[in-house]
Amino acid sequence: MGAEEKREILLKVENLNKNFGRKSILNSLNFEVNKGEIFGIIGTSGSGKTILLKTLINFHRPNSGKITFNETNQKNLGFRKFFGFSTQESCFYPELTTLENLHHFGKLYGIKGKLRKERIKELLNLLELEECTNMPASQLSGGMQKRLDIACSMIHKPKLLLLDEPTVELDPLLRHSVMRLIEDINKKEGITIIIASHLLGGIETLCNSIVILHKGEILESGSLDKLREAYSGDEELLLRTDGDQKKVLQFLDKRKKMLGITRIADHGNKCLTIYAKDSEKVAHYLLPVLRHLKEKIIELKLSKPSLTEIFTSVISKKKRGADKK
Amino acid sequence: MKNLIELVIKNFKLLFRNKASTLIFILGPMAIVLLLGLAFNSADLYGLKLGVYSPVYNSLNNDLLGKLSGQFTITKTDSSQQCIDGVKLSDWHVCLVFPSDFKITGNNTIDFYVNPTKMNLVYIITNMLSAQVSSESEEISTVMVETILQKINAIKIEIEKDEPIVNDIKSRLGSAKSSIDKTYSDFSALDLKFSETDFRVEQIKDKITSIRQESIKINKANANNTDSNSQSMIQNAYADILVNITALDSDIANLSNAVKSTKDKLGAVSKLQDSTNSGLTSASSEITQSIEKINSLQESIKKIKEQVAVSISAAHIVKPINTEIKTITSEKRYTGFVFPLLIVLLLMFGGIFLGSILVISEKTSRAYFRNLILPVRRITFVLASYITTMIILLVEVAIVLGVAYLFTKTPVSPSLALLVLMIATVFVFIGLMVGYFSKTTEMAMLLSIALVALFLFFSNIILPIEAIAYLKEVAVYNPFTIATNIVKENILLDIGIQLQEKYLLMLFGYFAIIFVATLLAEKFSKSHA
C-alpha cells in the first residue's frame, strides 16, 4: 500500500495465453503488478487463478504472450529466488518440525548458516510461530500451518510473494488473522504480493489492485474504486426512524428519478432500504428533509457495493452477454 | 553438492520419522532374506508328505517305503483313489501306487501321481523318489548280478580244473602219434624184395646135369680104361657121383620149394606191410586231427577263462557308468548356492521397492510443489533419491554379507562390492523410474510388483527357463538373471569382473537406458504437480 506513490511496475503480463491441449485455460491476459502492492486475482473455482500464478513463475510455460519481470530473466534458475509461492494446500514436510522445514528450504535456497538462522528468527517472529518451532508441522493447527507455509515461501526474502487461496479452509477468525498477516508482510517486508482467491471477504480491504478472472479471461481489473465504477448494480441506504415514514416515502417517490432511486423496500418496522445509483446523493437530500419532518434517525447506513457484489455483478453481466450470443 | 547432501539428509529424516516406514524400509527386505536363508540353510527338504497305496505289502515295497520314510512322511491309504484324492486335496505331495504283484520278477512298475500345478515341488519330490527307487532297484540288481557272477566263477574253476586233463590228453596223443609215425617209418623201411633167380637153382641144376653128363662120359670112357683099378675106382667114383648128384637133385628140389615158399611168405608180409602202413597213416592222421581239436579246445578254454576271468564287480555291471556330481565349489548347503540369489533378490526387491516408494512419497508429499519451484536442479532430486536408496540398500546388503561371512565364511571381495554397487544402481534406477512414472502410491506398488514378477518369471526362480527355448532367449537379457549370474560367478566360482565384461556391458547398457528414462519420467511427472 505504501507503494501507491511510486507505481514502479514489477510484473507486466501481455496477451498471455495458456492452453492444455486444445483447452484454453488463460486467454489474452493483460495486467500489471506494481512493486510493493498487494494484487488480487479473484475468480470462481476453475477460473484459472492457480494456473495463472504457476504460469507467472514459469512453472507452466505460456503458449503465447509475454511476462516481464523487473530485471529478472524468468528462465534462469536464479529466477526462482525472485518469488515465493504459497499454495492452496500447505506445502512443506509434515513430518519435519517448523524449524526443520524452514532450515531445509532455507538451505535449498542457498541461505548460509548465520543468515538463515537470523531470517528464520525474523519469520518466526513475524508469523508468530515461535511457540511451535519444535513441533512437527503435522501437529500445527490449520492457521499455523498456513503461517508456516507462508514462512517457507518467504525464507529467501522474495521480491514477489504469490499466495494461492491463502484463506481457504480457514475459519473466519483465522481468515482474518491471515489477512492481517499478509498486510503485515507487505508493510514490514515490502514484498509485493499477489493473492489469488475465490473467497472475497477481506481481499477488498487488502488489495490495491484486483483482476476478476473468469474462465481464463480478465473481466475487470484495476483498483476497487475503479471496479465500483464499472459496477452496474445499486448502492444501498438503510434508514430506520422512530416516526411515521409515510412522508419520507412520499418525498422519495416524488424525487425518484432525480435521485436515481431504483427501488424502495419498506420492511414495515419503520425501516426502509433505498436502492439508488448514488446512495450518498440520496442521503444528502434526505437528511434535511428528515430534520424538517422532525423524524428521529435511529439508524442510517450507507453501503457501497462490496467486492462480492461487484464480482457477482461482473460475472452475471458476462454470463448474460454470453447467453445473448 | 550441498543441496544434494541436504536432500539426502531430509530423505533420511522423513524415513526415520515414520516408524512404520522405517520398519518396512529397513527390516522388510532383510526379513525376506532371513526367511529365505532359514528355508534354504540345509541340504535337506522337510515336511514332504507321501501317500502310498499297495494292495499287498511285501518285503520289497516295505523295504522301499522304509528308505523313503527317512525323507518323507508316509501315509498308507486304503485305495489308490484315496491316495490320488489326497494329492488333489494337498494332503500329501505325491501318491505312490504299487501294483498287486509287486516283486522283482513280476510287475514292478510303481505309479507316481503328482499335482502338476505345484511344478517346482513336483520336480523336487519326483527326483527324490526316483533316486530312492533307483537306489532300491540297484540294490536288487546287485544281488542278482552277484549270484550270476558266482556261477560264472564256479564255471571258471571247473574249466581251470579240466584244463590239465585236456593238456595231458593232448600230450599223450602227441606221443602216440610219434610212436605210430616211427613204427610206420620203421615198417616202411623193411625190404621185402625177393628174387628166385638170386638162388641160381636152374644154373645149379644145369651144372649138376652137366656134371652128370660129364660123369657119364667119364664112365663111358672108363669102360675103355685098361686099368681096372683105375677103372674100378673110376666106376666107384662114378657111382658115388651119381648118388650125390641124385641127392643133390633132391636137395635142389627142396631148395626150390623152399625158395618158392619163402617167396610166397614174403609176398604175404609185403601185403601186410602195405595194409599196416595204411592203418598207421590213418591213425596218425586221426591223432593229428584230434590234437588240432584239442588245440582248438584249449584255445576255447583259454578264451573262456579270459572271458570269465574279468575281475568285474556286481556294482559295475549294475551301474557300469557312475556319475558323481562334483561341484566346482566347496559349498555344501543350499544357503551357499542360494546366497548370491538372495543378495540379488535383496538388491532387486530393495532397489525397486525402496526407489519407487521414496519417489512416490516425495511426489505425493505436500512439499512436492515447493521442491519443483526451488532453485535446485531436478537431477539433484533424482540423485538424492538414488543416494538415499543406495545407502539403505547397501546397509542392508552389508548386514546380510556380514551375517553370511559369520556363518558361511563367504568372502566379500572388492569386485563383489563393485558388482553389488552396479546391480543396486540398476535396480534403484528402475525403482526411481517406476516412482516417477506413477501418479499414485498404488500405481507405483503395482508397477513395482509387476516388474519384479516379470523379472522373476523370466529367470530360473519360477520356471526352469533355461530349458525353454524361446524364453531362454529373453531370459538372457533379464537384468535379474544377469545380476544373479555375475554374483554367482563372483561368489561361488571366484570369477573376477575382468572376465564378466559381457554381463557388465549389459548392465551398463541397462543403467544408461534406465537413467535416461528416469530423467524423462521425472520431467514428465512435473506436469502432474
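How far apart should the ends of the 14-residue helix H3 (residues 113-126) of chain A be at 1.5 Å a residue? Select it: the expected span (1.5 Å times one less than the number of residues) is 20 Å, and its end C-alpha atoms are 20 Å apart, which agrees. Helices here are DSSP runs of H or I with at least four residues, strands are runs of E with at least two, and both are numbered from the N terminus.

This is a predicted model, with local features needing pLDDT of at least 70. Residues count from 1 along each chain as its sequence is written, and chains are lettered from A in the order written.

Now show the side chains of Ile120(A), Leu123(A) and Leu124(A), the buried residues of H3(A) (buried: 20 or more other C-beta atoms within 10 Å of its own; exposed: 12 or fewer; C-beta atoms placed from the backbone). Look down the axis: they fall within an arc of 100 degrees (directions from axis to C-beta atoms), so they line one face. They pack against helix H2 (98-108) and helix H4 (142-154) of chain A, contact being C-beta atoms, placed from the backbone, within 7 Å.

Six strands form an open, mixed sheet ordered E5-E6-E7-E3-E8-E9 in chain A (strands pair if DSSP finds at least two bridges between them). At the edges sit E5 (83-86) and E9 (217-222) of chain A, each pairing on one side only. Zoom in on E8 (209-214) of chain A: five bridges join it, antiparallel, to E9(A). There, Ile210(A) stands opposite Gly222(A).

How values were computed:
This is a predicted model: local features need pLDDT of at least 70, side-chain atom pairs count only at pLDDT 80 or more; totals for chains, interfaces and linings use all residues. Two residues are in contact if their C-beta atoms, placed from the backbone, lie within 7 Å.
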